[in-house]
Amino acid sequence: MTGEPDLSPARLRHARFAIAAVFCTHGAVTGSFATRIPWIQEHAQLSAGTLGLALAFPAVGAALAMPLAGRVNHRFGARTALRGLLAMWTLALILPSLAPNLLALCLALFFYGVAAGMSDVAMNALGVETENRLGRSIMSSLHGMWSVGALIGSAAGTLAAHAGADARLHHLVAALALTAVGLVAARGVLDLRADPDGDAPPHFALPPKSALLIGAIGFCAVFAEGASLDWSAVYLQDTLNTDAGLAAASTTAFALTMAVARLVGDRVVDRFGPVRTVRAGGVVATAGGLLVVLARHPAAALAGFGMIGLGIAVVVPLAFAAAGRSGPAPAQAIAGVATITYTSGLIAPSAIGAVADATSLVWSFGLVTVLAFALTAGAAVLRQRSPVGHPGATPTEKAPRPNRDEPARIQP
């Protein structure tokens with residue numbers, strides 16, 4: 001992609017903070033929505049089963065729309081595409097609370113997922129491009145900022161729910177505020193455009209081969225994440241007879257562990273490289289899974305879930321970064337990895353439940369432990385060369401280190 005004429009250290013720092021604010025805004029939408037799901041369920045008069053059906057539609061919409069993001073980026077340029085897609089995502093928050101029945105909610109959540117997926121690809125593609133120009137890892141902290149945004153959105157939603165606020169009003173106010181914040185933040189990101197001599201990506205394309213192995217690593221991490229978030233509290237209650245309060249704390253502890261690990265993960269990646277970081281994380285997550293499976297006391301299980309969160313925290317950001325460097329079409333490769341990881345997040349909760357029905361939750365987390373170990377075995381696919389010689393590259397970009405798994409030496 002062609003770059004801006006000004007790629008000074010100050011401009012790159014500004015672009016880094018801008019894309020971090022975009023990630024935070026994106027996460028705040030998710031947090032705002034999640035806390036008002038009970039209100040939406042009551043408003044649409046849904047049973048638990050029909051609500052579960054409706055909640056599958058965001059992942060379906062995202063998976064179908066993500067491959068289109070590369071075409072949008074090519075047509076409008078990275079900054080303009082991001083501003084439009086991010087605004088579509090923040091405004092989509094209004095729709096679910098307006099749905100009066102199951103059909104309307106499914107349609108609203110399908111569009112919600114379309115907006116989520118396309119804006120997710122656009123911001124990750126720009127995050128990778130910013131990381132390449134900085135010459136050091138930032139993707140982990142960007143995803144950490146997403147988690148911070150989700151926590152902020154969920155905190156505001158919790159306050160609104162506690163006050164008895166109508167979710168339609170809450171989401172309208174939140175959507176307008178987040179749209180304004182997102183548009184301002186996106187003004188500061190890098191203004192990158194496709195090479196005018198390059199071919200336009202197809203309107204719709206399957207994930208490129210380069211993204212499949214990288215996506216498999218992301219699949220394992222997201223499966224472990226989804227299983228732990230959705231089932232950790234149930235595991236503590238049903239398997240270890242823990243009270244509901246302590247069981248619920250396991251979910252919060254897991255989410256906080258991941259957020260903190262992502263915020264500090266860039267320093268670890270720059271010091272040890274992505275391959276060694278993911279291998280070490282896989283070892284930690286595997287040990288955590290074994291601790292959960294073998295636990296006879298709630299404290300051991302809580303520690304195990306925390307270790308799983310710590311071990312997998314940086315895997316998805318590094319998978320996106322590796323995808324963005326894996327070929328000539330970063331947005332398409334990132335869309336492929338994102339589609340695979342979204343699919344994992346969709347099937348993980350039901351897969352854990354199916355295994356538990358057939359055997360027990362202990363065996364379910366045995367499966368999680370095996371997938372965590374796969375991170376250690378497959379981490380080498382994240383070793384990718386940095387893109388070089390692209391139009392608009394700075395002189396330091398023209399002479400990259402030979403192996404992306406080596407720590408970065410360029411400082412902004």
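Helix H6 crosses helix H8 in a left-handed sense. The model is predicted.

**H6 and H8**

- The axes of H6 (residues 78-92) and H8 lie 8 Å apart, at an angle of about 145°.
- On the H6 side the contact is made by Ala78, Arg79, Leu82, Leu85, Leu86, Met88, Trp89 and Ala92, which meet H8 residues including Phe111, Tyr112, Met118, Ser119 and Leu126.
- By class, the residues of this contact are 15 nonpolar, one polar and one charged.

**H1 and H10**

- H1 packs against H10 (residues 167-186) at an angle of about 170°, and their axes are 9 Å apart.
- An angle over 145° counts as roughly antiparallel, so H1 and H10 are roughly antiparallel to each other.
- This crossing, of H1 and H10, is left-handed.
- Among the H1 residues in the contact are Ala18, Val22, Thr25, Val29 and Phe33; H10 contributes residues including His170, His171, Leu178 and Val181.
- The contact of H1 with H10 holds 10 nonpolar, five polar and no charged residues.

**Largest pocket**

- The volume of the largest pocket is about 1,800 Å³.
- Its lining has 45 residues, of which Thr30, Trp146, Glu225, Leu229 and Asp230 are the closest to the centre.
- The lining is made up of 26 nonpolar, 15 polar and four charged residues.
- Helices that each supply at least two lining residues include H1 (9-34), H8 (102-134), H9 (139-162), H11 (209-240) and H16 (330-358).

Methods
Residues are numbered from 1 along each chain as its sequence is written. This is a predicted model: local features need pLDDT of at least 70, side-chain atom pairs count only at pLDDT 80 or more; totals for chains, interfaces and linings use all residues. Side-chain values use heavy atoms; hydrogens and water are left out. On a 1 Å grid over the protein atoms alone, a cavity is a set of points where a 1.4 Å probe fits but cannot get out, and a pocket is an open set with protein on both sides within 12 Å along at least five of seven lines; lining residues have an atom within 4 Å of a point. Grid points are joined across faces, edges and corners, and a volume is the space filled by probe spheres set on the points. Helices (H or I, at least four residues) and strands (E, at least two) are DSSP runs, numbered from the N terminus. Ala, Val, Leu, Ile, Met, Phe, Trp, Tyr, Cys and Pro count as nonpolar, Asp, Glu, Lys and Arg as charged, and the others, Gly among them, as polar. Axes are lines fitted to C-alpha atoms, for helices over the stretch in contact, and angles run from 0 to 180 degrees between N-to-C directions. Angles under 35 degrees count as roughly parallel, over 145 as roughly antiparallel, 65 to 115 as roughly perpendicular and the rest as oblique. A crossing is left-handed if the near helix is turned anticlockwise from the far one by less than a right angle, and right-handed if clockwise. Contact means heavy atoms within 4.5 Å.
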